[in-house]
Amino acid sequence: MSELKKEITFFGLLAFGMAGIIGTSWTYMNTRFYKLYGPGGVIAGFCIGIVMAALVALSYSELGSLIKREGGEIAFAYPVLGLKGSFAAAWMLFLGYITGAMAFYVIGFPLLLSWFFPQLNTIPIYYVAGEPVYLPFLLVGICGALFFFYLNYRGVKMAQGFQIAFFVALISIGVLAFIVALIVGKPSNLNPLFPPKANPLESSWRFALITIGYLTGFSMLTMVGEESAVTAKKFGLAIVLSVTLAGVFYIAEMFAGAYMMPVTESIKLDRGLIDEMTLIAKPLGFLMWLAGFIGLITSWNAAVLAGSRMLFAMARCGFLPEVFMKLHKKYGTPTYALALATLVSIVFGMLGPKGLIWFLDTTGVAIGVAWGISVLSMILMRRKYPNIARPFSTPGGILTAAVAIIIVALVIILPLIPGTPMSLVWPYEYVVLIGWVIAGVILYLASKGKREKLGEETIAKRLLGEYFDMFYKKAEE
């Protein structure tokens, strides 16, 4: 069994982390946000959201520099929470990365193309909750999934090159949109900053909670710790920089969209920045659509990388068969884990837009649980192993992590409270979440024999690698 290749550079980490956060919806959702929260609420909300996400990211940065291993949260939890903590993180991440993110792009990819090629929405083959799933639409999504499987199958170096090239293009178009806004816009276009009769603080806070979902992509970097070719300290720095810089990008684009034309007019547009730029010049509108398309494929690429490595780490723990640990002799990639992640994403993607939304909404709760386990692990790690050298140390230490725990609790609890704009859809999404937890319990119990056969020491050595002695030898002494 060959070793994972250390080929991801510092800029590559930023490209995976930032592009995984930025995504595509900023190109067409901004005007809808202005209508609900006003430009002031959106911009202030993102500022608050960046601070909240950065507080969580700081815990990830410390843990990621301390345990630079594949699997991120799965490895972080093991020394302090054991296999149960590792599995809880892994199972929630499965829902977040594969059934949520990867499966979403199977649908989102043809959806963006259908704006130019309406022929994709022909030949309905079945219905999900009354919504037709079209044959050409589905085939394009499947082809996209197979492309990213092949790209990642050929090695992380190829996937990184693809990511960097498209990430640079994405940022360049965003900068262009900002410059255009400064040229054609004026400050008065920002008024009114908030919707009529709206409370500015309430609007800002409500949108800040939404932004947390937009800023979650930074955590995928910890999934590829072993494949990074940077020092532990730089690895930790890349995590917190990803969320901070991506947040600054979001603020710039939200400002641009509100500045370039009167907000009273922009809120009438269906496709946000795409339509705003089209009204200035059609080529600019196409460029903005292209930015959304690029954001989708870079996010997809990052999700495939993270999702497959998460399955790889689960196999190390004995939660999945060992075949998913196997690496390609030439490319050094977990081929079987990649294949499984791709297959599951296609299956759930076949639910179509209507069915898949149930998984997308529960993804925020799932990622929140994984965040909570990681931040808790950071606190427990500080208490249990206070003398271990930390290449990247979180400013404020446990106090910062305690604030992060409160933020994570909001991410988890608010969607579970019925009757609010952020609530899960009753009963479908509650059923999905409960069913997922039950399925996880079944898998955990079913894999018990396999884990007992491996033994705790073998699992710990597989999961922690060179960091095993740092935790367990010192504990013995």
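Let's start with Phe 471. Leaving aside residues up to four places away in sequence, Phe 471 touches Leu 66, Ile 67, Pro 79, Met 381, Tyr 385, Ile 388 and Leu 464. Contact here means heavy atoms within 4.5 Å.

A word on the source. This is a predicted model, where local features need pLDDT of at least 70, side-chain atom pairs count only at pLDDT 80 or more, and totals for chains, interfaces and linings use all residues. Residues are numbered from 1 along each chain as its sequence is written, and side-chain values use heavy atoms, with hydrogens and water left out.

Back to Phe 471. You'll find Phe 471 in helix 17, residues 468–476. Helices are DSSP runs of H or I with at least four residues, strands are runs of E with at least two, and numbering goes from the N terminus. Is Phe 471 buried or exposed? Phe 471 counts as buried because its relative accessibility is 0%. The cut-offs: buried is under 20% relative accessible area, exposed is over 50%, and partly exposed lies in between, with a 1.4 Å probe and protein chains only. Arg 32 is 439 residues from Phe 471 along the chain, and their C-alpha atoms are separated by 49 Å.

Now the whole chain. There are 17 helices and 2 strands. The radius of gyration is 22 Å, close to the 23 Å that the globule rule gives for 477 residues, so the chain is as compact as a globular protein of that length. That radius is taken over C-alpha atoms, and the rule is 2.2 Å times the number of residues to the power 0.38. Along the principal axes, the C-alpha atoms fill a box of roughly 70 × 55 × 45 Å. Of the 477 residues, 58% are buried. Among contacts with a separation of 6 or more, 82% join residues 24 or more positions apart.

Next, the strands. Strand 1, residues 124–128, and strand 2, residues 131–134, run antiparallel and are joined by 4 bridges. Pairing requires at least two DSSP bridges. Val 128 stands opposite Glu 131. The two strands form a hairpin with 2 residues between them, and Ala 129 in the turn has a positive phi of about 55°.

Last, the surface. The chain exposes about 18,900 Å², with 70% supplied by carbon and sulfur atoms. Areas come from the Shrake-Rupley method with a 1.4 Å probe; for residues, only the protein chains shown count as cover. Look at Phe 286 in helix 10, residues 282–317. Phe 286 counts as partly exposed because its relative accessibility is 42%.
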